[in-house]
Every structure is written in structure tokens, then in C-alpha cells.
Amino acid sequence: MRGCTCLGLGLKTLALPATPPVLVSTGSTKNSLEQDLYNLNNFLGKLSPSGGPGKEPHPLAQDPEGMRKQLQQELGEVRARLGPYMAAKHQQVGWNLEGLRQQLKPYTVELMEQVGLSVQELQEQLRLVGEDTKAQLLGGVDEALSLLQEMQSRVLHHTDRVKKLFHPYAERLVTGIGHHVQELHRSVAPHAAASPARLSRCVQSLSHKLTLKAKDLHTSIQRNLDQLREGLSAFVRTSVDGAEDGASPDPQAISEEVRQRLQAFRHDTFLQIAAFTRAIDQETEEVQQQLAPPPPDHSAFAPELEHPDKALNRLQSRLDDLWEDISYSLQDQGHSQLGEP
């Protein structure tokens with residue numbers, strides 16, 4: 001816009017015309033929104049706690065109740081204009097973000113299936129069953145030691161093998177996040193209220209956060225397997241020590257210990273995957289609020305009057321982003337209308 005000035009003293013302000021925009025007789029959406037946002041920004045500027053040289057703060061700055069009523073009145077005028085517009089954008093962007101969540105779901109399902117298969121494999125490889133095994137454990141110290149040492153080797157071998165199996169799953173998850181978030185960028189661009197620059201920042205931030213969380217998940221699974229290996233190895237070593245002292249190992253007790261530790265690994269890893277899924281939901285919900293905030297009567301626009309200075313700054317910042325996005329959208333809409341016959 002030409003002839004812009006920054007209203008408000010000591011606050012982050014919106015770039016608005018030097019004089020209030022004149023409403024045209026057609027009552028276009030753009031001019032109406034400019035008028036409403038100009039009035040609200042002008043009011044917020046008067047509430048600045050620092051009025052500047054030779055200027056006194058507005059009386060409402062020390063009157064939280066009066067400020068609340070005035071803000072409600074000013075926001076009410078903006079709300080009437082923005083409600084349908086923002087609700088539609090909020091719904092459209094939400095639909096695209098739900099698509100992203102559904103696209104990432106198969107990766108976490110596949111990961112959980114691999115955890116289950118790994119537990120089954122380890123259970124099979126480390127079990128001590130059968131009459132021959134029992135006879136070897138109970139046949140004497142040498143036979144028992146030989147079997148337990150073999151089991152120790154199997155613990156190390158098979159847990160390391162399972163650790164390697166999870167690497168491709170982690171790589172596919174990270175690659176999938178990058179691919180589907182870029183698809184989201186392309187699909188949400190026509191519907192987002194945000195300007196292209198802010199849309200790009202939001203999408204890049206989402207991709208970065210989800211990628212870090214996916215890598216953290218992989219690290220957690222690897223750590224779980226390390227703990228499983230160390231726990232089983234320590235238990236087998238204890239059994240070896242007992243056999244060397246003449247104690248007869250109990251094959252049922254050993255098998256039960258292995259089963260319990262494997263189930264604990266499965267349980268803990270499933271919880272971590274579930275937490276990652278919730279993180280996807282949380283991060284995408286935050287992006288929805290950034291790209292297409294809910295209508296102004298939503299709680300996100302309610303200032304915290306216990307701390308009026310912070311509340312004003314937050315509200316000013318929200319309105320600043322809102323103005324940038326709406327100006328972009330209405331400008332784009334105006335160009336489309338000018339192109340119509």
C-alpha cells in the first residue's frame with residue numbers, strides 16, 4: 001500500500017494507510033476489512049503503555065475492564081467480517097492436514113508391525129524348550145554352561161540383527177515425511193489464508209520438527225534394543241555364575257524371564273510410537289492455527305487481562321499476521337475479479 005505508517009506506540013503494529021481507507025459505495029469485502037482492522041489497530045495504538053515524548057498513556061491502558069469491553073466491541077466488528085472467511089479457510093486447510101496425518105499413518109503401523117515381528121523372532125531364537133534342552137541344562141555343570149554360553153551368543157547376535165532391521169524403516173519414515181509435507185505445501189497453497197512466504201516458513205518448520213521427532217523415535221527404539229540386550233545378557237551371566245557354583249539352571253524360569261523382557265520391550269516401544277503419532281497430530285494442529293486461524297471469537301484471540309501489556313502485544317502480533325494474510329488473499333482475489341469480463 002502507498003503512504004503507509006505504523007500506528008501504535010511501543011507495540012508491534014500493522015502497516016496501514018496514513019489515513020483511514022475510504023469505503024467505496026460497493027461495500028467490497030476488502031475495503032470493509034481494511035476499515036475494521038484500521039480502527040482496531042488505531043485503538044490498540046492508543047493503549048500503548050509508553051505514549052512517547054509529551055504524550056500520556058490512554059486511560060484504558062490502566063483500566064483492564066474498560067479495555068476488555070472496548071476490545072470486545074472492536075473485535076466484534078472485525079468478527080462479523082472475518083468469521084465466514086476464516087471459517088472456510090480453517091476447514092480447507094484442516095482437511096489437507098488431515099490428509100497428511102493419514103499419509104503418515106502407514107509408516108507408524110508398519111513400524112509397530114515390525115516391532116511385533118521382532119519380538120516373535122527373538123522369542124523363537126532365545127527360547128529354552130524341549131526335552132533335550134532340559135536334559136542338557138540338568139545333565140551337569142559342563143552341559144549347562146555350554147548351553148548358557150550359546151544362549152549368550154544368540155542374545156548378542158539376534159538383538160544386533162534386529163537393530164539393523166529397523167534402519168530401513170526409519171529411513172522410509174524420514175523420507176516419507178519430507179515427501180508428504182511437500183505434497184501438503186502444494187495442496188494447501190490455494191486454500192491457505194497465509195501469504196506464500198509465511199506458508200513456506202510454516203511448512204518448512206513442520207517438516208523439520210517431524211523429521212527430528214522421527215529420528216528421535218528411531219534412536220529410542222535402538223536404545224530399547226540395547227537395554228534389552230544388556231538385560232538379557234546380564235541375566236544369562238547370572239545363570240552362568242550360578243551353574244559354575246553348582247546350581248542347576250531352571251529352563252522354565254529362564255524362558256519366562258526372556259518372555260517378560262521381550263514383552264517389556266514391545267510395550268515401551270509401542271508407547272513411544274504412539275507418542276510420535278500424537279506429536280504428528282499436535283504439530284499439524286499448530287500449523288492449522290498458523291495457516292488458517294479460527295474465527296476471531298475463538299479463545300486464541302481472547303487477551304489475558306491479568307497481564308494487559310503482554311496481552312496487547314500478543315493480540316497485536318496475531319493481528320499483524322492476520323492482516324498480512326488477509327491483504328494477500330484479498331489482493332489476489334481483487335486481481336481475479338479485475339480479470340473477469
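Predicted model: local features only at pLDDT ≥ 70, side-chain atom pairs only at ≥ 80, totals over all residues.
**Exercise 1. Describe the order of helices and strands along the sequence of the protein.**

Solution. Begin by counting the elements, which gives 7 helices and 2 strands for the protein.

**Exercise 2. Decide whether Gly176 is buried or exposed, and find what surrounds Gly176.**

Solution. First locate the residue, which is found in helix α4, spanning residues 141-188. Next take the relative accessible area of Gly176, which is 3%; because buried means under 20% relative accessible area, Gly176 counts as buried. Finally look for its partners: leaving aside residues up to four places away in sequence, Gly176 touches Leu104 and Tyr107. Thr211, which is 35 residues from Gly176 in sequence, lies 9.6 Å from Gly176 in space, C-alpha to C-alpha.

**Exercise 3. Work out which residues touch the most other members of the largest nonpolar core, and which element gives the most to this core.**

Solution. Start with the core itself, which has 48 residues, and in which Ile177 and Leu291 touch the most other members. The elements that give two or more residues to this core are α2 (64-126), α4, α5 (196-244) and α6 (251-291). Of the elements, α5 gives the most, with 14 residues.

Definitions and conventions:
Residues numbered from 1 in each chain as written. Heavy atoms only, no water. Helix = DSSP H or I, 4+ residues; strand = E, 2+ residues; numbered from the N terminus. Buried < 20%, exposed > 50% of the residue type's maximum accessible area, 1.4 Å probe, protein only. Contact = heavy atoms within 4.5 Å. Core = buried A, V, L, I, M, F, W, Y, C linked by side-chain atoms within 4.5 Å.
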